[in-house]
Amino acid sequence: MRRPLPVAPVLAAFAAILAALLALVPALFGLEPPTGRAAGLVVLTVGLWATGVVPEFVTALVFFTLAMLARIAPPDVIFAGFQSTAWWLVFGGLVVGVAVTRTGLGERLARTLVDALASSYPRLIAGVVAISGGIAFLMPSTMGRVVLLLPIVLALADRVGFVAGRRGRTAMVLAAAFGTYMIPAAILPANVPNMVMAGTVETVFGVTLTYGGYLWLHMPVTGLLKGVVLVALLCRLFPDRPDPAAGERERRPLSAAERRLAAILVVTLGFWTTDFLHGISPAWVGLTAALVCLMPVSGLVPAAEFSRSVNFASLIYVAGVLGMAALVTHSGLGAVLSAGLLAVIPLEPGADALNFASLTGAAAALGVISTMPGLPAILSPLAGELAGATGWPLVTVIMTQVVGFSVVFFPYQVPPLVVALQLGNVRVAEALRLSIPLALVTLAVLTPLNFLWWRLTGWIP
């Protein structure tokens, strides 16, 4: 009897066949040839990333190569990721992360957390999630939070005996990665999708979202309950037991290198948290910090250490994710998908539960293709039409997007998650063990609870 083929290669092959059909016979799907080629490339790229049959950075190179050979979009669109502030923030974060590890400062910071968190495994995971979500009140950049926290979390994992390959180490990286995005979805200025939505609706409809109203609506379920579910799933899917004694070391005073790096981090964090005052992008603040660490006079990251320790594969992967998002917008594929999706979902005045489920599900489904940063730009302009179809106030329809872009099936949908996995050396397959159950629980349990909360608070008439 023939052994069945592994699931991942079969799914990847299916994605490749579908991609070829979209690119070669676009009329079969009601698409124009340029849009069909873009759709084919997106399907192939998403399929390879989701199945993990080749390394993530190789898939990104496949995306770049095919896009240019087939002339699907101009180079400035395909390689937009390398020009984005997010890419440079990642680069700066990688360099600072090397400095944090090399000087031992990360291990020292982790030591201060051991006594508070390492008494039990659930307490440890809950502490990482709480810190990752709570810092969003001070630091608005998701990518900045990731690159700041991951070296400290990895050092903490070492302190409690979670060496590379341990389930506990994987769980801690995932706790930091998902905690920095999921819980801050409930804090207005803390995530890129939040701010894209706020900016778009203010431009299109003249509606200004308030910090307090946004927090009150989303934090109880999308923020706090989602955090509880995240901790429960991590403890269930990646069970382990911390051993604080495994990483014990003799306490020592701060070295000169640690003091210099601590000063750099304090200044960097200060500029990150006050960007609303000085207007300097967090990316350029991070790049400046990286440059200072690389200067020979600092003695923090020598040239040889930079070449050996900075993960350039991560940078290629991130550029591919951002380039694909730019292609979806440039090609009009996002508009085609949203229009087609909204044409088939059931919406009618008075059917409030069905309307809520339909709008949330549509946003979650569209996010698989458009990625989360691009989702609000696609859906927000349609809010007026959707409000008419549901009979709801415009702002209520707008807010349903938040529930939708908190449903993440695949890490590539959220670039900071991609970066966190690369920094933490966690495979996509491991992340999928968490992301898919978390998305399903969000849709099956938290979405109905959100509906009840919105009804109770009067957001749904």
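Author: Asp-240 and Arg-166 form a salt bridge, with their closest N and O atoms 2.6 Å apart. The term stands for a side-chain nitrogen of Lys or Arg within 4 Å of a carboxyl oxygen of Asp or Glu. Asp-240 sits in the loop between α12 (211-237) and α13 (256-273), and Arg-166 in the loop between α9 and α10, so the bridge ties together parts that are 74 residues apart in sequence. Helices here are DSSP runs of H or I with at least four residues, numbered from the N terminus. Arg-166 has a relative accessible area of 28%, so it is partly exposed. On this scale buried means under 20%, exposed means over 50%, and partly exposed is in between, using a 1.4 Å probe and protein chains only.

Some ground rules come next. The model is predicted, so local features need pLDDT of at least 70 and side-chain atom pairs count only at pLDDT 80 or more, while totals for chains, interfaces and linings use all residues. Residues are numbered from 1 along each chain as its sequence is written, and side-chain values use heavy atoms, with hydrogens and water left out. The pLDDT is the predictor's confidence in each residue, from 0 to 100. The protein averages 84, and 93% of the residues score at least 70. Residues 1-5 are below 50, and beyond near neighbours in sequence that stretch has one contact in the model; contact means heavy atoms within 4.5 Å.

The structure holds six salt bridges. Side chains of opposite charge can pair when their charged atoms come close. Another of the bridges joins Arg-169 to Asp-158, with 2.7 Å between the closest N and O atoms. Asp-158 belongs to helix α9 (residues 142-159) and Arg-169 to helix α10 (residues 167-182), and the two are 11 residues apart. Which of the two partners is buried? Arg-169 is, with a relative accessible area of 15%, whereas Asp-158 is partly exposed at 42%.

Arg-308 and Glu-305 both lie in α16 (residues 303-309), three residues apart, or about one turn. An α-helix has 3.6 residues a turn, so residues three or four places apart point the same way. The closest N and O atoms of Arg-308 and Glu-305 are 2.5 Å apart. Arg-308 is exposed at 59% relative accessibility, and Glu-305 is buried at 17%.

Nonpolar residues have their own grouping. A nonpolar core is a set of buried Ala, Val, Leu, Ile, Met, Phe, Trp, Tyr and Cys residues joined through side-chain atoms within 4.5 Å. The largest core has 147 residues, and those touching the most other members include Met-172, Leu-174, Phe-178 and Trp-454. A second, separate core has five residues, among them Ala-186 and Met-219.
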